[in-house]
Amino acid sequence: MDSDNHVCPACGQPVETVVKRHKTLGAWVPKWVAGPCRNPKCEAYVVEGAAPEEERGGSATKKS
């Protein structure tokens with residue numbers, strides 16, 4: 001487990017740690033990663049309660 005605190009790469013403020021998982025040799029293994037930035041002044045800001053797709057910055061329709 002990673003004991004370091006995670007920070008936002010854009011603004012440097014601390015962010016929460018979230019658990020994601022990946023499959024290794026047929027078993028699901030937890031991986032602790034940085035969560036979304038909740039600083040409203042940050043360019044990487046994600047509204048609390050946003051859908052996971054919105055948190056990654058993806059969208060179903062892209063504007064040209």
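What follows concerns one loop and its surroundings. Where in the chain is Leu 25 placed, and is Leu 25 buried or exposed?

Author: This is a predicted model, in which local features need pLDDT of at least 70 and side-chain atom pairs count only at pLDDT 80 or more, while totals for chains, interfaces and linings use all residues. Residues are numbered from 1 along each chain as its sequence is written, and side-chain values use heavy atoms, with hydrogens and water left out.

Leu 25 is located in the loop that links strand E1 (17-24) to strand E2 (27-34), where strands (E, at least two residues) and helices (H or I, at least four) are DSSP runs numbered from the N terminus. Leu 25 is exposed, at a relative accessible area of 87%; exposed means over 50%, buried under 20% and partly exposed in between, with a 1.4 Å probe and protein chains only. Most residues other than glycine have a negative phi. Leu 25, although not a glycine, has a positive phi of about 50°, and it takes this value in a hairpin with 2 residues between the strands E1 and E2.

Lys 20, for example, has Lys 31 in E2 as its bridge partner. Arg 21 lies over the face of Trp 28, at 4.2 Å from the ring centre; a charge sits over a ring if NZ of Lys or CZ of Arg is within 6 Å of the ring centre and within 35 degrees of the ring normal.

The segment before E1 includes His 6 and Ala 10. His 6 counts as buried, with 15% relative accessibility, and beyond its neighbours within four places in sequence it is in contact (heavy atoms within 4.5 Å) with Gln 13, Pro 14, Val 15, Thr 17, Trp 32, Val 33 and Ala 34. Ala 10, by contrast, is partly exposed, with a relative accessible area of 41%. With residues up to four places away in sequence not counted, Ala 10 touches Cys 42, Glu 43 and Ala 44, and its C-alpha atom is separated by 9.3 Å from that of Tyr 45, 35 residues apart along the chain.

The cysteines deserve a careful reading. If a disulfide is taken as a pair of cysteine sulfur atoms within 2.5 Å, the count comes to 0 disulfides. Cys 11 is in no disulfide, the nearest cysteine sulfur being that of Cys 42, 3.7 Å away, and Cys 11 is partly exposed at 31% relative accessible area. For Cys 37, the closest cysteine sulfur is in Cys 8 at 3.8 Å, which is too far for a bond; Cys 37 counts as buried, at 5% relative accessibility.

Seen whole, the protein chain has 1 helix and 2 strands, in the order β-β-α along the sequence. Of its 64 residues, 17% are buried. Among its contacts with a separation of 6 or more, 22% are between residues 24 or more positions apart. The accessible surface, computed by the Shrake-Rupley method with a 1.4 Å probe, comes to about 5500 Å², and 51% of it belongs to carbon and sulfur atoms.

Conventions. Pairing = 2+ DSSP bridges.
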